[in-house]
Amino acid sequence: MGIQDDLRIDSRKSRAVALACKMVGGGSDGSLDLCAKICIVDEYENTIFRSYVKPQLPVTNYRYETTGIRPEYLRDGMPLRQVQRKIQDFLCNGEPIWKIRPRGGKARILVGHGLDHYLRCLEFDYPSLKIRQAITPSKMVRCEEEDAIG
């Protein structure tokens, strides 16, 4: 499927990364957002992590028209807990999450559009002092274009 599901920790130079998710629907009416795909890029527009995520609840609406996600893509998706661990290890960059401070340290700045919603759907906490909300996620469009190509 062309999905890169292993974080490339060699991009140690990156102090900031962007995160975006694609959501499918769960619940009886499909309105509950479930993260089905995640993409992280660095400040140099390199894709660092991209993976399908196996939702913990049954998917009732794949929202194919907007997500491009099909049931077969999620069958071998990475479990949510594993995605959480990978994201935390990468973002914290060897620093314990409870020791992250605004200046200095090794933890990365997380940039994105709608990060509060994404982090809530991922059931992932990250210190707000390291989060920057972006207005236009230009690189996220590139991740989507790569998906359309294959």
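Two strands count as paired if DSSP finds at least two bridges between them, and strands (E, at least two residues) and helices (H or I, at least four) are DSSP runs numbered from the N terminus. This is a predicted model, so a few ground rules apply: local features need pLDDT of at least 70, side-chain atom pairs count only at pLDDT 80 or more, and totals for chains, interfaces and linings use all residues. Residues are numbered from 1 along each chain as its sequence is written, and side-chain values use heavy atoms, with hydrogens and water left out.

With β2 (32-42), β1 pairs in the antiparallel sense over 10 bridges, and Val24 sits opposite Leu34 of β2. The hairpin formed by β1 and β2 has five residues between the strands, and Gly27 there takes a positive phi near 85 degrees. Ser28 belongs to the loop between β1 and β2. Ser28 is exposed, at a relative accessible area of 82% (exposed means over 50%, buried under 20%, partly exposed in between, using a 1.4 Å probe and protein chains only).

β1 and β6 (109-112) pair in the parallel sense over three bridges, with Val111 of β6 as the bridge partner of Ala18. Strand β4 (residues 59-61) runs antiparallel to β1 and is joined to it by two bridges; here Gly26 faces Val59.

As for burial, 11 of the 11 residues of β1 are buried, so the strand is largely enclosed by the rest of the structure. Both faces are covered, with Ala16 and Lys22 among the buried residues on one side and Leu19 and Met23 among those on the other. Val17 is a handy example, with a relative accessible area of 2%. Beyond its neighbours within four places in sequence, Val17 is in contact (heavy atoms within 4.5 Å) with residues including Ile40, Ile48, Phe90, Leu91 and Leu110.

Phe90 and Leu91 turn up again in helix α3 (residues 80-92), among its buried residues. The 13 residues of α3 reach 18 Å from first C-alpha to last, close to the expected 18 Å (1.5 Å times one less than the number of residues). Its buried residues pack against β1, β2, β3 (47-54), β5 (78-79) and β6. Just after α3, Asn93 takes a positive phi of about 55 degrees.
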